[in-house]
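I opened a new structure today and kept short notes. Each entry says what I looked up and what came back.

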Amino acid sequence: MGSQRFSERAEEARRAQWRLNDLPWDERIRLAGDSRRERLLAKLDLLGACEALYHLKLGARSRAGTLYFHTWKQDDPIIECLEWLDTDELRHLRTLRRLIQTVHSSEQEDIEAKPHADPTRMWRVGRNPRGGPSSLEAEELRALVDEATTRCLLSTISRQSRVPIVRAAFSSCARDDGRHIAFLSDLAKLSLNHDDTMHVVRMQGVVLRHIARIQSSLRPYFRVFAAVTDATIDNVASEVFRAVSAVVADLGTPWVRYPTARVIHEADRSPWMLWLLR
């Protein structure tokens with residue numbers, strides 16, 4: 001896997017660019033519910049989900065600088081891929097911020113106390129845990145978990161929502177995150193040393209710990225994600241685990257067979273593991 005592969009990834013990212021103003025912002029937002037109270041609750045849930053995703057992406061975006069620092073001496077196509085990734089993430093933040101404003105002003109429903117996600121919990125996701133490894137491989141794996149989580153939540157909401165602007169915005173962001181996962185997976189495969197068993201186990205520990213940190217930061221907002229997707233709180237947590245499992249399984253055989261990896265892959269089917277990591 002060399003420069004040609006990353007050149008293709010960069011070209012794919014260039015062709016996949018979309019503009020914020022192309023989304024259907026003018027279409028009226030009709031929230032689910034037969035009464036004013038039900039519509040207001042649906043509005044609060046959607047706002048909570050949007051704000052949680054905004055701050056989660058904002059925190060994770062700080063990792064881009066670290067990836068630049070580790071890879072600036074590498075081939076130009078890799079740097080170009082990182083530049084497109086950062087461009088996409090900035091557009092996602094602008095999209096989510098505008099969506100929050102649009103939903104908040106919809107249906108002339110006044111909200112006395114605008115809901116705000118606690119940004120501190122979300123922003124911490126972008127920082128390395130105390131004592132955690134800060135190598136390129138570790139940062140790539142954390143970024144993979146970030147992208148898998150946000151793509152899972154965005155795509156699930158886009159499928160379930162009946163609001164056109166929500167479907168359009170979330171599906172567009174989810175497609176970008178899918179490209180980011182493909183690029184970061186290629187980059188991780190290039191960096192990881194599968195001949196060193198202990199190193200692989202340590203890196204799997206990085207993934208497991210980062211999943212737990214994300215689940216912890218999202219825990220106060222699982223209720224709103226469950227509400228906007230017509231699911232249960234456990235379903236939301238399980239879907240995140242399954243999304244991460246699918247991504248790390250693509251990294252190679254050790255990421256499927258090693259006991260540490262099996263903890264990741266089986267977490268969504270283990271009630272005690274869900275409780276432990278959440």
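**Entry 1: a glycine in a helix**

I started with glycine 48, which lies in helix H2 (residues 36–61). The model is a predicted one. Is glycine 48 buried or exposed? I found it buried, with a relative accessible area of 10%. I then looked up its distance to arginine 127. Glycine 48 and arginine 127 are 79 residues apart in sequence. In space, their C-alpha atoms are 23 Å apart.

**Entry 2: salt bridges from H2**

I counted salt bridges and got 18. One of them joins the side chains of aspartate 45 and arginine 223, at 3.2 Å from N to O. Aspartate 45 sits in helix H2 and arginine 223 in helix H9 (residues 222–229), so this pair ties together parts 178 residues apart in sequence. I checked burial for both partners. Aspartate 45 is buried at 12% relative accessible area. Arginine 223 is partly exposed at 48%.

Next I looked up lysine 57. Lysine 57 forms a salt bridge with aspartate 177, and their closest N and O atoms are 3.2 Å apart. This pair links distant parts of the chain, with aspartate 177 in helix H7 and lysine 57 in helix H2, 120 residues apart. Aspartate 177 is buried at 0% relative accessibility. Lysine 57 is buried at 3%.

**Entry 3**

I turned to helix H6 (residues 136–160), which holds both arginine 142 and glutamate 139. Their side chains meet in a salt bridge of 3.4 Å, N to O. The two residues are 3 apart, about one turn of the helix. Arginine 142 is buried at 2% relative accessible area, and glutamate 139 is buried at 1%. I also noted a network: salt bridges with shared partners join Arg5, Glu8, Arg9, Glu12 and Asp186.

**Entry 4: H4 against H7**

How do the axes of H4 (residues 76–104) and H7 (residues 164–191) cross? They come within 10 Å and cross at roughly 155 degrees. Angles over 145 degrees count as roughly antiparallel, and H4 and H7 are therefore roughly antiparallel to each other. The crossing is left-handed. By class, their contact has 15 nonpolar, 3 polar and 6 charged residues.

**Entry 5: the length of H10**

I checked helix H10 (residues 233–249) last. Its 17 residues should span 24 Å at 1.5 Å a residue. The end C-alpha atoms are 25 Å apart, which agrees. Buried residues in H10 include Val236, Phe241 and Val248.

Methods
Residues are numbered from 1 along each chain as its sequence is written. This is a predicted model: local features need pLDDT of at least 70, side-chain atom pairs count only at pLDDT 80 or more; totals for chains, interfaces and linings use all residues. Side-chain values use heavy atoms; hydrogens and water are left out. Axes are lines fitted to C-alpha atoms, for helices over the stretch in contact, and angles run from 0 to 180 degrees between N-to-C directions. Helices (H or I, at least four residues) and strands (E, at least two) are DSSP runs, numbered from the N terminus. Angles under 35 degrees count as roughly parallel, over 145 as roughly antiparallel, 65 to 115 as roughly perpendicular and the rest as oblique. A crossing is left-handed if the near helix is turned anticlockwise from the far one by less than a right angle, and right-handed if clockwise. Ala, Val, Leu, Ile, Met, Phe, Trp, Tyr, Cys and Pro count as nonpolar, Asp, Glu, Lys and Arg as charged, and the others, Gly among them, as polar. Buried means under 20% relative accessible area, exposed over 50%, partly exposed in between (1.4 Å probe, protein chains only). The expected span of a helix is 1.5 Å times one less than its number of residues. A salt bridge is a side-chain nitrogen of Lys or Arg within 4 Å of a carboxyl oxygen of Asp or Glu.
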